[in-house]
Amino acid sequence: MAGYEEIFRSSVEDRERFWLRAAEALDWHVAPATALDDSNPPFYRWFPDGELNVAHNALDRHVDAGNGDRTALVYDSPVTGSRRTYTYAQLRDEVATFAGVLRGLGVDRGDRVVIYMPMVPEAAIAMLACARLGAVHSVVFGGFAAKELAVRIDDAGPKVVVSASCGIEGKRVIEYKPLLDKAIELSDRKPEATVILQREQATAQLGPIDVDWAEATAKARADGRAADPVPVRSTDPLYVLYTSGTTGKPKGVVRDSGGYATALAWSMPNIYDVDAGETIFTASDVGWVVGHSYIVYGPLLAGATTVLYEGKPVGTPDAGQFWRVVAENRVKSLFTAPTAFRAIKKEDPDGAFLAEHDVSSLRYLFLAGERLDPETYRWASNLLGIPVIDHWWQTETGWPIAANPAGIELLDIKPGSPTRPMPGWDVQVLDETGRPVEPGVDGAIVAKLPLPPGAFPTLWNDDDRYVNSYMKAFEGYYLTGDGGHLDADGYVFVMGRTDDVINVAGHRLSTGGMEEVLASHADVAECAVIGVADTMKGQIPRGFVVLKSGVDAEAEGYEERLRAELVQLVRDQIGAVASLKDVAIVPALPKTRSGKILRKTMRGIADGTDEPVPSTIDDASVLDTIRPILRRE
Ligand code: COA
Ligand code: AMP
C-alpha cells in the first residue's frame with residue numbers, strides 16, 4: 001500500500017486522477033468525468049459535471065447495500081439521562097419523513113433552512129433532511145444570542161427555521177424559543193414557518209407560524225409523505241456555515257455537495273482510520289464545522305457509527321463521561337478540542353475516572369480547533385498510551401489541512417505540530433512580500449490554489465468578500481489567517497491567528513464583533529478587545545474601554561456598574577459563549593500615527609512576551625500608562 005509521501009505527491013502532481021478516484025467511493029446520479037473546473041480562478045469548482053445527493057450517500061446507499069441494521073447514530077445525553085440509537089434504516093426513514101415535513105412547508109431545492117438546535121439527534125435529522133431535498137441548511141450554534149441568530153437569518157434568508165424548546169447547558173435549561181422569537185423579530189427577512197422540537201425540560205408556547213416537530217412528523221408519516229433524495233449538481237451548496245471574521249458581520253462559508261462528500265469520504269478511513277461498522281465519537285457541537293464534518297456527514301458517508309453527545313467533558317456529571325461513552329460504544333477514534341482535555345486534566349489529573357472504564361477499543365485521540373499545547377499533548381499521551389493526533393483545519397476548509405494520516409501510516413509525532421499537509425493542500429509559508437521563507441521561519445501560512453475538494457468555493461452571496469479576505473493578499477494563494485512555519489521535514493507549526501479572530505475554548509470568535517458591542521454603550525468613546533492566553537480555554541477576550549468626556553468615572557460604584565453592563569451587553573448581543581468577563585477602563589489606547597490601535601502590542605504585553613513597540617507609535621507614554629493594567633499589576 002502506498003505511503004503518505006506517495007499519496008500526497010500524487011494528489012498534487014496528478015490532481016485530476018487522484019480526486020476522480022476518490023469520488024468513486026460515492027454513488028453518483030451522474031458520475032463526474034471532469035475533476036476540476038479551473039476556468040474562473042479563484043472560483044474553482046469540483047466535479048462540475050457530476051450529480052449526486054449527499055443524504056442518499058450518507059444513508060440510503062448503506063441501506064441499499066444491505067447494511068440497514070447497522071447502527072448509524074448513538075445519542076448519548078448525560079444531561080437528560082437518555083440514550084437512543086438509530087440504525088441506518090431508521091435514520092433514513094426519520095430523515096425522509098422530516099424531509100417530507102419540510103417539503104410540506106414549501107422547502108424546495110436551493111431554499112435555505114436555518115437550524116438552531118441543541119445537541120439532539122433531530123439536529124442531524126434536520127440537516128440530512130435538507131440535504132435530501134437539495135435545500136441548503138445553515139446551522140447556528142445554540143450558544144449564540146438572538147442578535148447573532150438574526151444576522152444569520154437575514155443573510156441566509158431561510159424559508160423555515162428548525163429549532164427546539166430548549167437546550168441543556170450543564171445543569172441549566174436554556175429556553176431557545178424566546179431567543180428564536182426575538183431573532184425573528186429583529187430580522188428583516190422573516191421565515192414563513194418554524195418547526196419546534198418540544199423537549200420535556202421546557203415546553204415552548206407555539207405561535208401562528210410555529211409547527212410542532214412531533215405532530216408534523218407523525219402526520220407526514222401517516223400521510224406517507226416521506227421524500228426521496230433529490231439529485232443535485234456536485235457544485236450546488238449543501239450548507240452555509242457562518243463563522244467569525246474580523247468584523248461583527250460573520251462570513252457565510254459555502255460548502256458544495258460533491259467535493260465535500262468526496263473529501264470527507266476520503267478522510268474517514270485515511271485520516272481517522274474509521275471504516276464502515278466502526279465507531280467515531282466527535283465531542284463537539286453540530287453548530288461548528290467539526291460537528292458538520294465529523295459528527296454528521298463524514299461518519300455516515302463512511303457507513304460508520306457516530307456518537308452525538310449532549311453534555312460537557314466535565315461536570316455532566318463528572319470527568320469520566322468521555323471514557324464511559326468510549327467504553328459503552330467501543331469507540332475507535334475520539335475527536336475533540338484540546339480545551340476539553342485541559343478541563344478533564346484539571347478535574348482528574350491522575351485519570352482516576354479513566355481506570356473505571358474499559359477503553360481498550362480506543363485507538364486514537366484526535367484534537368483540533370485550537371493549538372494543542374505540548375503539555376496537554378504529553379498528559380493525554382501518557383494517560384491514554386495511544387497516538388494523540390493534533391490536526392489543523394478551519395471552517396473554510398471543511399476538513400483537515402494538516403494531520404497525521406493514521407489510516408495510511410502514522411508519521412512521527414512532533415509535539416506542537418499538526419504534522420503534514422493532507423492531499424491537495426500545497427501549504428507554504430510566505431513573508432510580507434509574498435516570498436517563501438526558509439524552514440523554521442515564521443510567516444503567513446497559505447495554500448496554493450486550487451484548494452482541494454471540500455474547501456469553500458465562495459462566501460454566501462459575497463464573492464467580493466471571498467476574494468478580498470482570502471485571495472488578494474498573495475495572488476494564487478489562499479490566506480489561512482494563521483501564522484507559523486514549516487520545519488525542515490515539512491511539518492506544519494501553527495502558532496496563531498494573524499488577524500482579529502480568537503479561539504476561546506475551541507470556539508471561534510471575532511474580537512472586532514465584541515468591540516462593536518462595547519462601542520455601542522453610551523459611555524464608551526472607543527475600545528479594543530484582544531485575545532490573551534488562558535491556561536484552560538486557550539485564549540480569552542479582554543476588553544479595554546476609553547470613556548467619553550464628561551462621564552464621571554469617579555462616581556461611587558461606577559466602574560463596577562459599567563463593567564457589569566458591558567459584560568452583560570456582550571452576553572445579550574453575542575452570547576455567553578463569547579466569555580468576555582474582563583473589561584478595564586483605560587485613559588487612552590495606544591495607536592499608530594495613522595490611528596490604528598496597536599492590538600498586537602497590547603496582546604504581547606498582556607501575555608508577558610517581549611513584543612517590540614512599533615516605530616509608528618503615536619504616543620509611547622500611552623503604552624506606559626496602560627502597561628500595568630495589561631499586565632494586571
Ligand atoms: N448554549 C448556551 N450556552 C452555551 C452553549 C450552548 N450551546 N455553549 C456554551 N454556552 C455558555 C456556557 O454555559 C458558558 O456560560 P457561563 O459563562 O454562563 O458559564 C459560556 O457559554 C462559555 O462556555 P464555554 O467557553 O464552553 O465554557 P464552559 O466553562 O461552559 O466549558 C469546556 C468549558 C472546556 C468544558 C467547554 O468549552 C468544552 O467542552 N469545549 C470543547 C470545545 C468544542 O467542542 N469545540 C468545538 C470545536 S472542536
Ligand atoms: P474554526 O474555523 O472554528 O475551525 O477555527 C479555525 C481556527 O482555529 C484556525 O484558523 C486556527 O487558528 C485554529 N486551529 C484549529 N485547529 C488548530 C490546530 N490544530 N492548531 C492550531 N490552531 C488551530
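Reader: Which residues are the closest to ligand 2?
Author: The model is predicted. In it, 15 residues surround ligand 2. The closest of these are H391, T395, D482, R497 and R508.

Reader: Which residue places a polar side-chain atom 3.0 Å from an oxygen atom of ligand 2, and what share of the ligand does the protein bury?
Author: A nitrogen atom of ligand 2 is 3.5 Å from a polar backbone atom of E370, and a nitrogen atom of the ligand is also 3.5 Å from a polar backbone atom of R371. The side-chain contact to an oxygen atom, at 3.0 Å, comes from Q394. Taken alone, ligand 2 exposes 490 Å², of which the protein buries 94%.

Reader: Which strands stand at the edges of the open sheet of seven strands?
Author: The strand order is β5-β4-β17-β16-β18-β19-β20, with mixed pairing. Two strands have a single partner each, so one side of each is left without a neighbour in the sheet. These edge strands are β5 (82-87) and β20 (388-390).

Reader: Within β18, which residue is the bridge partner of T282?
Author: Strand β16 covers residues 279-282 and pairs with β18, residues 333-336, in the parallel sense over three bridges. The bridge partner of T282 in β18 is F335.

Reader: At about what angle to β5 does helix α4 run?
Author: Helix α4 spans residues 88-104. It lies across β4 (71-77) and β5, and its angle to β5 is about 90°.

Note on methods: Residues are numbered from 1 along each chain as its sequence is written. Chains are lettered from A and ligands numbered from 1 in the order in which they are written. This is a predicted model: local features need pLDDT of at least 70, side-chain atom pairs count only at pLDDT 80 or more; totals for chains, interfaces and linings use all residues. Side-chain values use heavy atoms; hydrogens and water are left out. A residue is near a molecule or strand if one of its heavy atoms lies within 4 Å of it. A polar contact is a pair of N or O atoms within 3.5 Å; within protein, one must be able to donate a hydrogen and the other to accept it, and residues adjacent in sequence count only if both atoms are side-chain atoms. Accessible areas come from the Shrake-Rupley method with a 1.4 Å probe; for residues, only the protein chains shown count as cover. Two strands pair if DSSP finds at least two bridges between them. Helices (H or I, at least four residues) and strands (E, at least two) are DSSP runs, numbered from the N terminus. Contact means heavy atoms within 4.5 Å. Axes are lines fitted to C-alpha atoms, for helices over the stretch in contact, and angles run from 0 to 180 degrees between N-to-C directions.
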